[in-house]
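Welcome! Please take a look at the structure below, and then read on for a short tour of its rings, pockets and backbone.

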Amino acid sequence: MDLNLETIASKEIMPGYHGKLVHAETMSIAYWTVDKNAEVPEHSHMHEQVMHVLEGTFEFTLDGITRIYQPGDIVIIAPHKKHSGKALTTCKLMDVFCPVREEYR
């Protein structure tokens, strides 16, 4: 399957989180444009997740430890680990999830 990010429709999955979603057989990739000050509340899920900050400044808390991430920073989130985040500026993020995030289809 060949795709082009420009042709994928964006979905607002939660307030301020606009995602272009790609689903393969065993993983999902979310390309997020995140509004400044948009927050994702603390949560956990069964998926392993890799977050890559592409643009902007993003505050991220994993297992109670809060750090500030900049472009190029990558965070690996193990399954069932509690995490949350807030865009300190408008951000572009890429998340990879394994297995597929069925609720994002």
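A disulfide is counted here when two cysteine sulfur atoms lie within 2.5 Å. In general terms, a disulfide is a covalent bond between the sulfur atoms of two cysteines. This structure holds zero disulfides. The model is a predicted one, in which local features need pLDDT of at least 70 and side-chain atom pairs count only at pLDDT 80 or more, while totals for chains, interfaces and linings use all residues. Residues are numbered from 1 along each chain as its sequence is written, and side-chain values use heavy atoms, with hydrogens and water left out.

Buried means under 20% relative accessible area, exposed means over 50%, and partly exposed is in between (1.4 Å probe, protein chains only). Cys91 has a relative accessible area of 1%, so this residue is buried. Cys98, with 37%, is partly exposed.

**The aromatic rings**

How many aromatic pairs does a search of the whole structure find? The search finds five. Rings of Phe, Tyr and Trp (its six-membered ring) pair if their centres lie within 6.5 Å; planes under 30 degrees apart count as stacked, over 60 as edge-to-face and the rest as tilted. Strands (E, at least two residues) and helices (H or I, at least four) are DSSP runs, numbered from the N terminus.

Tyr104 also forms an edge-to-face pair with Phe97. Here are the two pairs side by side.

| Ring pair | Centre to centre | Angle between planes |
|---|---|---|
| Phe97 and Tyr104 | 5.8 Å | 85° |

Ring pairs link Tyr17, Trp32, Phe97 and Tyr104 into a cluster. Trp32 is buried. Phe97 counts as buried too, at 1% relative accessibility, and Tyr104 is buried with 9%.

Which residue has its charged end over the ring of Phe97? That is Arg101, at 4.8 Å from the ring centre. Arg101 also lies over the face of Tyr104, 4.4 Å from the centre of that ring. A charge sits over a ring if NZ of Lys or CZ of Arg is within 6 Å of the ring centre and within 35 degrees of the ring normal.

**The pockets**

On a 1 Å grid over the protein atoms alone, a pocket is an open set of points where a 1.4 Å probe fits, with protein on both sides within 12 Å along at least five of seven lines; lining residues have an atom within 4 Å of a point. Grid points are joined across faces, edges and corners, and a volume is the space filled by probe spheres set on the points.

The largest pocket holds about 220 Å³ of space. Of its 17 lining residues, the closest to the centre are Met14, Val40, His43, Gln49 and Asp95. The elements giving two or more residues to this lining are β4 (39–43), β5 (48–55), β6 (58–62) and β10. The lining divides into 11 nonpolar, four polar and two charged residues. For these classes, Ala, Val, Leu, Ile, Met, Phe, Trp, Tyr, Cys and Pro count as nonpolar, Asp, Glu, Lys and Arg as charged, and the others, Gly among them, as polar.

Val40 belongs to strand β4 and counts as buried at 12% relative accessibility. The C-alpha atoms of Val40 and Gly85 are separated by 5.3 Å, although the two are 45 residues apart along the chain.

The second largest pocket has about 180 Å³ of space. Its lining residues include Trp32, Tyr31, His18 and Lys92. Two or more lining residues come from each of β2 (17–23), β3 and β10. By class, this lining has five nonpolar, four polar and three charged residues.

**Backbone details**

Most residues other than glycine have a negative phi, and most peptide bonds are trans. The peptide bond from Cys98 to Pro99 is cis, with omega near 0°, and Pro99 is found in the segment after β10.

Asn37 is not a glycine, yet has a positive phi of about 75°. Asn37 lies in the loop between β3 and β4 and is partly exposed at 44% relative accessibility. Asp63, also not a glycine, has a positive phi of about 55°. Asp63 sits in the loop between β6 and β7 (65–69) and is partly exposed, with a relative accessible area of 46%.
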